[in-house]
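Subject: Structure for you to look at

Hello,

Here is the structure I said I would pass on. Please open it beside this message and follow along.

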Amino acid sequence: MSACTTCGACCHSYRVEFSVYELDSLGGPVPEAMTEVVNGSTCRMKGTGVVPIRCTALEGELGQLTLCRIYEQRPCPCTELEEGSYGCNKARVRHGLPPLGEWLGN
Ligand code: SF4
Ligand code: SF4
């Protein structure tokens with residue numbers, strides 16, 4: 001089972017910003033209602049532009065049971081962040097969770 005289902009640290013750590021062309025209103029997958037405008041070409045998941053960061057699409061409790069409500073429609077920064085990567089482990093450690101590398105064989 002993916003460690004993501006009991007984590008959610010990245011969804012509590014980064015500004016999730018991406019091109020407006022990923023919005024459903026412009027033919028992309030991401031529900032526009034869950035985003036806010038950054039500028040004419042960039043938008044951001046609500047909740048990730050303020051501290052403490054928590055993406056509006058996340059359900060559950062950090063480090064316990066978590067679920068992305070738009071998993072199949074999530075934007076590029078989320079699809080590109082690999083479990084066990086530097087960015088993943090940086091977020092995990094920031095929130096007191098152990099890094100993943102070794103047991104993933106990386
Ligand atoms: S920080 Fe890593 S393990 Fe946690 S939800 Fe994000 S990608 Fe998954
Ligand atoms: S869209 Fe989903 S995967 Fe991306 S930060 Fe929000 S809750 Fe996490």
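This is a predicted model: local features need pLDDT of at least 70, side-chain atom pairs count only at pLDDT 80 or more; totals for chains, interfaces and linings use all residues.

Strands

Start with β3, which covers residues 42-45. Strand β1, residues 17-19, runs antiparallel to β3 and is joined to it by three bridges. One pair to look for is Ser 19, whose bridge partner in β3 is Thr 42. Strand β2, residues 35-37, also runs antiparallel to β3, and three bridges join these two strands. Here Val 37 stands opposite Cys 43. Four residues lie between β2 and β3, and the two strands form a hairpin.

Is Thr 35 buried or exposed? Thr 35 has a relative accessible area of 8%, and residues under 20% count as buried, so Thr 35 is buried. This residue lies in strand β2. Leaving aside neighbours within four places in sequence, Thr 35 is in contact with Phe 18, Leu 23, Val 30, Arg 44, Met 45 and Lys 46. For a distance to check on screen, take Thr 35 and Glu 82: they are 47 residues apart along the chain, and their C-alpha atoms are separated by 22 Å.

Ala 33 is in the loop between β1 and β2. Its relative accessibility is 64%, and the cut-off for exposed is over 50%, so Ala 33 counts as exposed. From Ala 33 to Leu 23 there are ten residues along the chain, and the C-alpha atoms are separated by 9.2 Å.

Gly 28 is also placed in the loop between β1 and β2. Why is Gly 28 called partly exposed? The relative accessible area of Gly 28 is 21%, which falls between the 20% and 50% limits, and therefore Gly 28 is partly exposed. Leaving aside neighbours within four places in sequence, Gly 28 is in contact with Tyr 21, Glu 22 and Leu 23. Gly 28 and Pro 75 are 47 residues apart in sequence, with 9.0 Å between their C-alpha atoms.

Backbone details

Most peptide bonds are trans, and most residues other than glycine have a negative phi. The bond between Val 51 and Pro 52 is cis, with omega about 0 degrees. Pro 52 is found in the loop between β3 and β4, the latter being residues 58-60. Further along is helix α2, residues 86-94, where Gly 87, Cys 88, Asn 89, Ala 91 and Arg 92 are buried. Just after α2 comes Gly 96, which has a positive phi of about 75 degrees.

Ligands

Which residues are around ligand 1? They are Cys 4, Cys 7, Gly 8, Ala 9, Cys 10, Cys 88, Arg 92 and Leu 100. Sorted by class, this shell has six nonpolar residues, one polar and one charged. Cys 88 and Arg 92 are among the buried residues of α2. Ligand 1 sits in the largest pocket.

The residues surrounding ligand 2 are Cys 11, Val 16, Cys 55, Ala 57, Leu 58, Cys 68, Ile 70, Arg 74, Pro 75 and Cys 78. Nine residues of this shell are nonpolar, none is polar and one is charged. Pro 75 in this list is the residue whose C-alpha lies 9.0 Å from that of Gly 28.

Regards

Notes: Residues are numbered from 1 along each chain as its sequence is written. Chains are lettered from A and ligands numbered from 1 in the order in which they are written. Side-chain values use heavy atoms; hydrogens and water are left out. Two strands pair if DSSP finds at least two bridges between them. A residue is near a molecule or strand if one of its heavy atoms lies within 4 Å of it. On a 1 Å grid over the protein atoms alone, a cavity is a set of points where a 1.4 Å probe fits but cannot get out, and a pocket is an open set with protein on both sides within 12 Å along at least five of seven lines; lining residues have an atom within 4 Å of a point. A molecule sits in a cavity or pocket if more than half of its atoms lie within 2 Å of its grid points. Ala, Val, Leu, Ile, Met, Phe, Trp, Tyr, Cys and Pro count as nonpolar, Asp, Glu, Lys and Arg as charged, and the others, Gly among them, as polar. Buried means under 20% relative accessible area, exposed over 50%, partly exposed in between (1.4 Å probe, protein chains only). Contact means heavy atoms within 4.5 Å.
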